[in-house]
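This report goes through a few local features, one group at a time. Please keep the sequence and the 3D view open while reading.

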Amino acid sequence: MTQATPEHIGLLLRNARGEKGWTQGQLAAELGTSQSAIARMEQGKQNLSLRMIERLEAIFGRSIVKVGKPQMTHLRVEGGRTLSGEVDVNSSKNAGVALLCASLINRGTTTLRRLARIEEVNRIVEVLTSIGVECTWLNGSDLRIRRPEVLDLESMDVDAARRTRSVIMLLGPLLDETSAYLLPYAGGCDLGTRTVEPHMQALRQFGLAVEARSGFYSVTAPPADDDNRSFVLTERGDTVTENAIMAAAHREGTTVIRNASPNYMVQDLCFYLQGLGVEIDGVGTTTLKITGRSAIDVDIEYFPSEDPIEAMSLITAGIVTNSEVTIRRVPIEFMEIELATLEQMGQNLEVSGEYMARNGRTRLVDVTTKPSELRAPQDKIHPMPFPGLNIDNLPFFAVIAGNAEGQTMIHDWVYENRAIYLTELNKLGAQVQLLDPHRIYVNGPTKWRAAEIGCPPALRPAACLLLAMLAARGTSELRNIYVIERGYEDLAERLNTIGAKIEYFQD
């Protein structure tokens with residue numbers, strides 16, 4: 001490993017800032033820190049964490065210092081602390097990856113503002129870069145995307161593609177990019193068998209042919225047409241709907257999609273495509289009417305809206321620690337059932353008036369958690385397609401139910417394995433009883449206790465363990481947190497801003 005003194009790193013940092021023509025104040029604003037902190041860094045009077053170096057390298061688009069990195073990163077949590085203060089919700093992970101895929105439809109320049117800097121986004125950026133797309137980080141979170149006239153699909157980064165399920169959403173934007181190509185099998189969380197057949201069913205409506213081979217999908221493109229088409233999705237899936245929308249967006253005819261998902265990431269995708277000149281009626285409903293354009297060449301900037309799943313994560317942190325915390329920029333349209341369920345359990349919440357997100361379409365509020373005595377709900381808690389309780393928000397109720405008096409049934413009917421992973425909460429003192437692969441009982445209240453636990457291979461259950469550790473007195477360790485970094489940007493550091501004490505470490 002190359003060793004570098006703080007003074008040497010400070011000099012490199014000062015040179016990089018000078019080359020960009022920034023003042024210390026401008027760099028401080030990009031990092032969300034003070035000018036005095038930047039001065040200390042450049043003087044070599046402040047040690048920089050590996051994570052801070054990575055953020056600086058992302059901002060400057062260059063290496064600051066070469067550091068040999070261990071393979072796995074872990075978290076050490078000092079629990080039992082009361083939280084306080086305010087924290088903002090970041091932009092949506094699921095919207096971000098869809099917008100990255102959709103940018104391939106546009107021959108002009110797409111600039112995505114305040115894009116979540118998470119591993120899932122990084123993997124898609126790596127895939128796009130490998131096929132010839134120019135992806136440039138303008139600062140810490142704005143990404144400029146310019147595609148070439150012809151994509152080099154044969155050079156696709158197979159390793160990056162297989163580490164994300166989002167790669168399946170390239171089928172829609174690549175509908176007739178070339179006559180035939182191979183797409184690696186999708187990866188991502190281990191949540192049991194998740195068939196891609198609904199994607200195939202939707203894209204066959206456009207004439208796309210896909211054959212499964214060893215480790216790849218063999219894709220044969222349909223001939224271009226301007227036909228009108230109407231079909232119903234047999235599964236109201238978010239990514240399935242997005243794939244169908246993106247395929248329709250660059251067909252001249254009118255496509256009607258019924259039983260479409262109206263969820264938050266689908267709406268963000270529609271707003272972006274409307275900015276490209278694609279006509280879309282019915283946004284926010286289950287019937288979409290899309291009149292596409294075969295040639296799209298538009299310079300556009302777009303702000304993805306805030307993430308309701310991250311909002312629920314932060315709200316859960318306030319609840320499980322029995323703290324008063326304000327979570328700002330909560331997309332209320334996609335959180336109403338969750339907040340109503342919490343109030344039925346006795347949770348005291350203060351909700352501000354509504355205001356608009358930066359995309360000008362999504363309604364936001366600020367939510368403040370208050371110390372409360374919770375009780376188990378009379379009925380089971382289960383997810384439903386929007387506008388029901390979000391499927392990805394369901395696991396957080398296992399942690400919250402751990403603080404409630406009585407027995408709560410949670411029914412996760414979508415995934416085969418996720419309920420099983422929630423039994424890991426028992427290592428922290430919870431009483432979670434697995435009834436079958438889809439249902440658990442949570443008996444509370446819980447006397448949370450510290451423990452060392454390895455992250456399960458599923459994003460939301462892993463985040464639940466971290467949140468429960470905040471309530472567990474003593475020092476806990478959560479090991480190999482890559483799965484959390486797939487879906488959250490600096491979650492531990494942002495929890496620290498409201499009073500948590502979490503540190504990264506590596507073996």
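Buried means a relative accessible area under 20%, exposed means over 50%, and partly exposed covers what is in between, with a 1.4 Å probe and protein chains only.

## Basis of the report

This is a predicted model, in which local features need pLDDT of at least 70 and side-chain atom pairs count only at pLDDT 80 or more, while totals for chains, interfaces and linings use all residues. Residues are numbered from 1 along each chain as its sequence is written, and side-chain values use heavy atoms, with hydrogens and water left out.

Helices (H or I, at least four residues) and strands (E, at least two) are DSSP runs, numbered from the N terminus.

## Two asparagines with positive phi

Asparagine 322 is located in the loop between α11 and β14 (324-331). Its relative accessible area of 40% makes asparagine 322 partly exposed. The phi angle of asparagine 322 is near 55°, a positive value in a residue other than glycine.

Asparagine 259 sits in the loop between β10 (254-258) and α10 (264-275). Asparagine 259 is not a glycine, yet has a positive phi of about 60°. With 22% relative accessibility, asparagine 259 counts as partly exposed.

## Helices α11 and α15

Helix α11 (residues 308-320) and helix α15 (residues 459-471) have axes that come within 9 Å and cross at roughly 25°. Axes here are lines fitted to C-alpha atoms, for helices over the stretch in contact, and angles run from 0 to 180 degrees between N-to-C directions. The two helices α11 and α15 are therefore roughly parallel to each other. Angles under 35 degrees count as roughly parallel, over 145 as roughly antiparallel, 65 to 115 as roughly perpendicular, and the rest as oblique.

The crossing of α11 and α15 is right-handed. A crossing is right-handed if the near helix is turned clockwise from the far one by less than a right angle, and left-handed if anticlockwise. On the α11 side the contact (heavy atoms within 4.5 Å) is made by Ile309, Ser313, Thr316, Ala317 and Val320, and on the α15 side by Arg460, Leu467, Leu470 and Ala471. Sorted by class, the contact of α11 with α15 has 6 nonpolar, 2 polar and 1 charged residues. Ala, Val, Leu, Ile, Met, Phe, Trp, Tyr, Cys and Pro count as nonpolar, Asp, Glu, Lys and Arg as charged, and the others, Gly among them, as polar.

## Helices α8 and α9

Helix α8 (residues 197-204) packs with helix α9 (residues 238-249) at an angle of about 25°, and their axes are 9 Å apart. That makes α8 roughly parallel to α9.

The crossing in which α8 passes α9 is right-handed. From α8, the residues Pro198, His199, Ala202 and Leu203 meet Thr239, Val240, Asn243, Ala244 and Ala247 of α9. This contact of α8 with α9 has 6 nonpolar, 3 polar and no charged residues.

Serine 92 is in the loop between β2 (84-88) and α5 (93-102), and is buried, with a relative accessible area of 1%. A polar atom of the serine 92 side chain lies 2.9 Å from the backbone nitrogen of alanine 95. Leaving out residues up to four places away in sequence, serine 92 touches Tyr264, Ser305, Glu306 and Asp307.

Leucine 115 is in the loop between β3 (109-112) and α6 (119-130) and is also buried, at a relative accessible area of 1%. Not counting residues up to four places away in sequence, leucine 115 touches several residues, among them Ser91, Leu100, Trp137, Pro304 and Glu489. Isoleucine 59 lies in helix α4 (residues 50-60) and counts as buried at 2% relative accessibility. Isoleucine 59 and glutamate 30 are 29 residues apart in sequence, and 7.9 Å apart in space from C-alpha to C-alpha. With residues up to four places away in sequence not counted, those that isoleucine 59 touches include Lys20, Trp22, Glu30 and Leu138.

## Two cis peptide bonds

The peptide bond from phenylalanine 386 to proline 387 is cis, with omega near 15°. Proline 387 is in the loop between β17 (363-369) and α13 (396-402).

Glycine 444 and proline 445 are also joined by a cis peptide bond, with omega about 5°. Proline 445 is in the loop between β20 (439-444) and β21 (452-454).

Technical notes: A polar contact is a pair of N or O atoms within 3.5 Å; within protein, one must be able to donate a hydrogen and the other to accept it, and residues adjacent in sequence count only if both atoms are side-chain atoms.
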